[in-house]
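Please look through the model below before reading on.

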Amino acid sequence: MRDLIKKLCLLNGPSGAERPVSDFIQEELKGYAEIKEDGMGNLIVFKKGKKPSVNKLMIDAHTDEVGMIITNITCDGFLKFETVGGIQPSSLINRKVIIENKIYGVIGSKPIHLCKGDEKEKAPDESSLYIDIGADSKEQAEKTVTLGSLATFVSDFALLSDNIFKAKAIDDRIGCAILISLLKKEAEYDYWATFTVQEELGCRGARVAAFNVEPDFCICLEATTAADIDGVPAESTVCSLGKGPAVSFMDRSTLYDRELYNTALNSKIPCQSKSAVTGGNNSGAIHLSQTGVRTLAVSVPCRYIHSPSCVADFSDAENALKLTEYMIEKICSGEIK
């Protein structure tokens, strides 16, 4: 799975422009499952098992990453933008980006030599930032970039130790890698998988996919904030790298199914409770679909999430795969009713 995670993280696919990721996934899954694409660009996948499932299960991972959308071009040829998804302004400054997979640029701001007073101490406001593509006029910039063009961070993939790695887009390419790996395995029970779009804009693709599949249960494979870093007290770490996937009891959009939560924690597979009621994911849309869907989030801890340099642990992804297999058996066999 390690090579798969690397390949997926290096792809560019911000919300609304997930096609490179979608094409890669479809190529990976040829011959392993039945795949169709809906009108939004979600991949709806049916995995045939040795026997039918007692409960209809859907397993979800989203294909999009955070990015930027071009909103204006100045008379000097600089590109103004809005973020697509939640990105801290400090993560943007001086970063290399690529626009529509073809035009490189750098996110610029006023240099410190020209800052006065409090400006030197504060992170620049997002509205003051721009993308420099080397154009010297609006007319020159307009030859290669249009309003509405999408940009993503340019970032390499690097091993920091045997298990720890750094990349962009770990949220949620790591979930996609886990789900692809699962679908390539022989299945005991039938189940559905969805690779959804536009999660970073409010779980839009998941809302459509869940309406289409009509599951009884769903497992969302995600990445989530890990704050196990210097200067953060233990009670505020949320989750930690190397202790297995984080299992949520509640976040800002979902109060998770208690039986699923407890079953996961009692699995004897390395995992941990996500010890904060923060954030949200596709569960928020999925669990409200149709007459209601019993939902569990299994998330790989990720430091510096939504930045060009996210950090995660391969072992957490491997244990997330094991935990998902365990939950499939419990749900699809009917042990969980």
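Leu57, Ile59 and Ala61 point one way from strand E3, Met58, Asp60 and His62 point the other way, and all of them are buried. Buried means under 20% relative accessible area, exposed means over 50%, and partly exposed lies in between, with a 1.4 Å probe and protein chains only. Strands (E, at least two residues) and helices (H or I, at least four) are DSSP runs, numbered from the N terminus. Strand E3 covers residues 57-62, and because 6 of its 6 residues are buried, E3 is largely enclosed by the rest of the structure. This is a predicted model, in which local features need pLDDT of at least 70 and side-chain atom pairs count only at pLDDT 80 or more, while totals for chains, interfaces and linings use all residues. Residues are numbered from 1 along each chain as its sequence is written, and side-chain values use heavy atoms, with hydrogens and water left out.

What does E3 pair with? Two strands pair if DSSP finds at least two bridges between them. Strand E13 (residues 217-225) pairs with E3 in the parallel sense over 4 bridges, and there isoleucine 219 is the bridge partner of isoleucine 59. Strand E12 (residues 191-196) also runs parallel to E3, joined to it by 5 bridges. In E12, alanine 193 stands opposite isoleucine 59. Strands of a sheet pair through backbone hydrogen bonds, either parallel or antiparallel.

The antiparallel sense is found between strand E1 (residues 34-37) and strand E2 (residues 43-47), which pair over 4 bridges. Isoleucine 35 has valine 45 in E2 as its bridge partner. The hairpin of E1 and E2 has 5 residues between the strands, and in this hairpin glycine 41 takes a positive phi near 105°.

Another antiparallel arrangement is an open sheet of 3 strands, in the order E10-E11-E17. Strand E10 (158-159) and strand E17 (310-313) stand at its edges with a single partner strand each, so one side of each has no neighbour in the sheet. Strand E11 (residues 164-167) is joined to E10 by 2 bridges, and its lysine 166 stands opposite alanine 158.

Next comes the packing of side chains. A nonpolar core is a set of buried Ala, Val, Leu, Ile, Met, Phe, Trp, Tyr and Cys residues joined through side-chain atoms within 4.5 Å. The largest nonpolar core has 57 residues, of which Leu8, Ile170 and Phe195 touch the most other members. Apart from this core lies another, of 20 residues, including Ile70, Leu92, Val145 and Ala151. Contact means heavy atoms within 4.5 Å. Leaving aside neighbours within four places in sequence, the contacts of phenylalanine 195 include Ile25, Leu29, Val45, Ala61, Cys176 and Leu183.

How many disulfides does the structure hold? A disulfide is a pair of cysteine sulfur atoms within 2.5 Å, and the structure holds 0 of them. For cysteine 271, the closest cysteine sulfur is that of cysteine 239, 12 Å away, which is too far for a bond. Cysteine 271 is buried, with a relative accessible area of 17%. Cysteine 310 is in no disulfide either, and its nearest cysteine sulfur, in cysteine 302, is 4.3 Å away. Cysteine 310 also counts as buried, at 2% relative accessibility.

Helix H8 (residues 314-332) has 19 residues and reaches 27 Å from its first C-alpha to its last, close to the 27 Å expected at 1.5 Å a residue. The expected span is 1.5 Å times one less than the number of residues. H8 is mostly covered, with 14 of its 19 residues buried. After H8 comes glycine 334, whose phi is positive, near 90°. Helix H2 (residues 19-28) holds aspartate 23, which is partly exposed at a relative accessible area of 40%.

Finally, consider the whole chain. The protein chain has 8 helices and 17 strands, and 55% of its 337 residues count as buried. Its C-alpha trace spans about 65 × 45 × 40 Å along the principal axes. A compact globule of 337 residues would have a radius of gyration near 20 Å, and the 21 Å of the protein chain agrees with this. The radius is taken over C-alpha atoms, and the globule rule is 2.2 Å times the number of residues to the power 0.38. Among contacts between residues at least 6 apart in sequence, 76% join residues at least 24 apart.
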